[in-house]
Amino acid sequence: MAMEMRLPVPRKPVSESLGRETKKHLVVPGDTITTDTGFMRGHGTYMGEEKLIASVAGPVERVNKLICVKALKTRYNGEVGDIVVGRITEVQQKRWKVETNSRLDSVLLLSSMNLPGGELVRVSGWYCMILGGSKRERRVRDLLLGSDFSDVAISVFQRRRSAEDELAMRGFLQEGDLISAEVQAVFSDGAVSLHTRSLKYGKLGQGVLVQVSPSLVKRQKTHFHDLPCGASVILGNNGFIWIYPTREHKEEDAGGFIANLEPVSLADREVISRLRNCIVSLVTQRMLLYDTSILYCYEASLPHQIKDILKPEVLEEIVMETRQRLLEQEG
Amino acid sequence: MAGLELLSDQGYRVDGRRAGELRKIQARMGVFAQADGSAYIEQGNTKALAVVYGPHEASCVLEIRGSRARALPDRALVNCQYSSATFSTGERKRRPHGDRKSCEMGLQLRQTFEAAILTQLHPRSQIDIYVQVLQADGGTYAACVNAATLAVLDAGIPMRDFVCACSAGFVDGTALADLSHVEEAAGGPQLALALLPASGQIALLEMDARLHEDHLEQVLEAAARAARDVHTLLDRVVRQHVKEASILLGD
């Protein structure tokens with residue numbers, strides 16, 4: 001087995017090579033931001049003896065009368081509508097506790113989950129229950145909902161959760177499973193309530209998870225990307241990034257509970273490993289992650305072997321190239 | 001020990017420093033990518049590493065023997081663990097953690113940081129601070145507190161102010177700041193002070209030796225001045241780190 005060793009060298013700060021200066025007002029805890037009492041205090045500040053004092057280290061952001069200090073690295077703060085990737089830590093009575101890299105564990109209520117089978121459909125005042133979750137039943141449901149019954153009022157409910165569902169909770173999701181979900185609500189203490197009410201959310205099958213800081217994931221319209229290099233990626237707002245092989249045919253059996261355990265081909269696995277190393281290299285240079293930056297980094301890394309990407313000199317070169325390409329593309 | 005004078009007539013100490021002079025401090029933040037916050041500090045020959053995880057969900061497991069971590073409904077729980085490497089002292093230590101001194105040090109660190117971290121902002125969560133001393137040459141409590149402050153800042157946990165600590169002693173009518181191991185082993189009184197520099201509030205003051213009360217103020221003053229000097233250095237380190245990260249992320 002070949003081993004490579006290298007001696008420690010002094011790290012050169014990357015910002016020097018960029019040659020940029022920051023125009024922001026940077027503060028550290030204990031610094032007085034302002035003595036003007038007319039400002040409202042936001043996150044990262046506290047009031048002490050008539051002065052507004054910073055409580056975290058970072059740049060000051062001022063929006064009209066609101067002053068807040070944005071910390072460089074925090075845990076994930078949930079906002080309604082965010083896509084997150086989380087891991088089940090506990091199975092409780094009517095809910096699951098999901099770890100999402102936030103201050104408190106998130107909650108996935110049993111009623112917020114799309115259970116396979118048993119959707120209740122109300123058609124112009126009449127209730128009919130569509131049992132089963134197989135493809136045929138789903139087609140019937142889609143037909144009912146999709147067709148142009150303009151004079152018929154149709155609404156779809158999830159059936160009420162019964163005791164059997166509670167007992168069968170572990171059959172759906174166990175401790176250690178990974179899921180993708182959307183944030184439904186945020187409680188007053190900051191805990192987040194998730195839901196998987198769409199077919200694109202649910203248990204995740206085979207793939208690679210990369211954990212990064214939430215501040216490095218760019219907010220976009222969609223977080224599910226099918227990259228042209230042959231893999232798909234879910235950029236969770238909480239910093240969990242899931243890379244998985246793109247499935248050619250989209251099967252939606254049982255709303256995503258049965259994990260697909262078919263063996264993944266070597267070509268797919270190589271693409272996924274390369275993507276993972278590219279994401280890690282972007283993160284070490286603190287670049288924002290979104291589909292374009294990941295794709296450019298992937299293309300810049302193609303001349304190198306997958307295991308060489310994480311070597312410091314190769315890493316810097318690849319990320320510098322990505323940065324230049326992104327700058328050119330912007331303007 | 002005959003012949004070993006801690007303070008010479010010209011005012012020089014054993015390692016050539018003046019009475020109120022600190023040892024060379026070098027610090028770096030963000031040394032571990034996998035932890036929420038981490039920092040490494042070297043104060044002379046004392047080297048300490050601090051790692052912070054949190055705030056995260058409080059777990060009801062038995063952390064250290066005898067103590068049980070439980071979630072507090074109105075504020076965050078601060079959990080500190082101190083450990084010194086077996087190779088940190090002149091003689092190899094048999095038990096890196098779990099012994100009395102480590103438990104007491106952990107408790108002192110917890111008291112210090114509960115005073116400084118704004119725990120009301122994160123109810124029901126838990127903040128873990130793990131400090132490890134890699135090389136102990138006197139002033140281990142101070143080095144641990146300084147390293148932990150940087151690590152907590154790196155993790156983005158809101159704090160009232162920096163917590164800067166320094167040790168001080170008293171020899172021949174003069175107060176010495178930042179004691180090394182030789183000076184600590186000589187057996188004179190030694191005091192450890194943790195200070196919040198901006199407001200001048202004391203987070204922790206610890207001494208377990210005999211000192212005449214007339215001298216207390218002088219020693220306390222020397223320790224406070226040294227802690228403020230430490231603050232100047234740590235402030236510079238943090239600002240540099242924040243500036244670099246800010247430039248990298250772009251405007």
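Helices (H or I, at least four residues) and strands (E, at least two) are taken here as DSSP runs, numbered from the N terminus. The structure is a predicted model. On that basis, residues 26–63 of chain A are 0% helix and 55% strand, with the end C-alpha atoms 16 Å apart. UniProt, in an unreviewed entry, lists this stretch, residues 26–63 of chain A, as "domain: Exosome complex component N-terminal". The points below treat chain A as a whole, then selected sites within chain A, and finally chain B.

**Chain A: overall composition**

- Chain A contains seven helices and 20 strands.
- Of the 331 residues in chain A, 44% are buried.
- When contacts in chain A between residues at least 6 apart in sequence are considered, 63% of them join residues at least 24 apart.

**Chain A: the K Homology annotation and A:Asn237**

- An unreviewed UniProt entry assigns "domain: K Homology" to residues 207–247 of chain A.
- That span, residues 207–247 of chain A, is 0% helix and 44% strand, and its end C-alpha atoms lie 12 Å apart.
- A:Asn237 is located in the loop that links strand 19 (231–235) with strand 20 (240–245) of chain A.
- With a relative accessible area of 5%, A:Asn237 is buried, because the cut-off for a buried residue is under 20%.
- Leaving aside residues up to four places away in sequence, A:Asn237 touches A:Tyr76, A:Asp82, A:Ile83, A:Pro214, A:Val217, A:Arg219 and A:His223.

**Chain A: A:Cys229**

- A:Cys229 occupies the loop between strand 18 (224–226) and strand 19 of chain A.
- The relative accessible area of A:Cys229 is 19%, and this residue therefore counts as buried under the cut-off of under 20%.
- Apart from residues up to four places away in sequence, the residues touched by A:Cys229 are A:Val271, A:Leu275, A:Leu295 and A:Tyr298.
- A:Cys229 and A:Leu282 are 53 residues apart along the chain, and their C-alpha atoms are separated by 18 Å.

**Chain A: packing of helix 5 with helix 7**

- Helix 5 (residues 266–284) and helix 7 (residues 312–330) of chain A pack at an angle of about 85°, and their axes are 10 Å apart.
- Helix 5 and helix 7 of chain A are therefore roughly perpendicular to each other, because angles of 65 to 115 degrees fall in that class.
- Helix 5 of chain A contributes A:Ser281, A:Leu282 and A:Thr284 to the contact, while helix 7 of chain A contributes A:Leu315, A:Val319 and A:Thr322.
- Classified by residue type, the contact between helix 5 and helix 7 of chain A comprises three nonpolar, three polar and no charged residues.

**Chain B: overall fold**

- Chain B has four helices and nine strands.
- In sequence order, the elements of chain B follow the pattern β-β-β-β-α-β-α-β-β-α-β-β-α.
- A compact globule of 251 residues would have a radius of gyration near 18 Å, and the value for chain B, 18 Å, agrees with this.
- The C-alpha trace of chain B spans about 55 × 50 × 35 Å along its principal axes.
- Buried residues account for 52% of the 251 residues of chain B.
- Among contacts in chain B with a separation of 6 or more, 67% involve residues 24 or more positions apart.

**Chain B: annotated domain**

- In an unreviewed entry, UniProt lists residues 21–158 and 161–225 of chain B for "domain: Exoribonuclease phosphorolytic".
- Residues 161–225 of chain B are 28% helix and 40% strand, with 17 Å between the end C-alpha atoms.

Methods:
Residues numbered from 1 in each chain as written. Chains lettered and ligands numbered in written order. Predicted model: local features only at pLDDT ≥ 70, side-chain atom pairs only at ≥ 80, totals over all residues. Heavy atoms only, no water. UniProt positions renumbered as here; feature names shortened; annotations may be inferred. Axes fitted to C-alpha atoms, helices over the stretch in contact; angles between N-to-C directions. Parallel < 35°, antiparallel > 145°, perpendicular 65-115°, else oblique. Contact = heavy atoms within 4.5 Å. Nonpolar A, V, L, I, M, F, W, Y, C, P; charged D, E, K, R; others polar. Rg over C-alpha atoms; globule rule 2.2 N^0.38 Å. Buried < 20%, exposed > 50% of the residue type's maximum accessible area, 1.4 Å probe, protein only.
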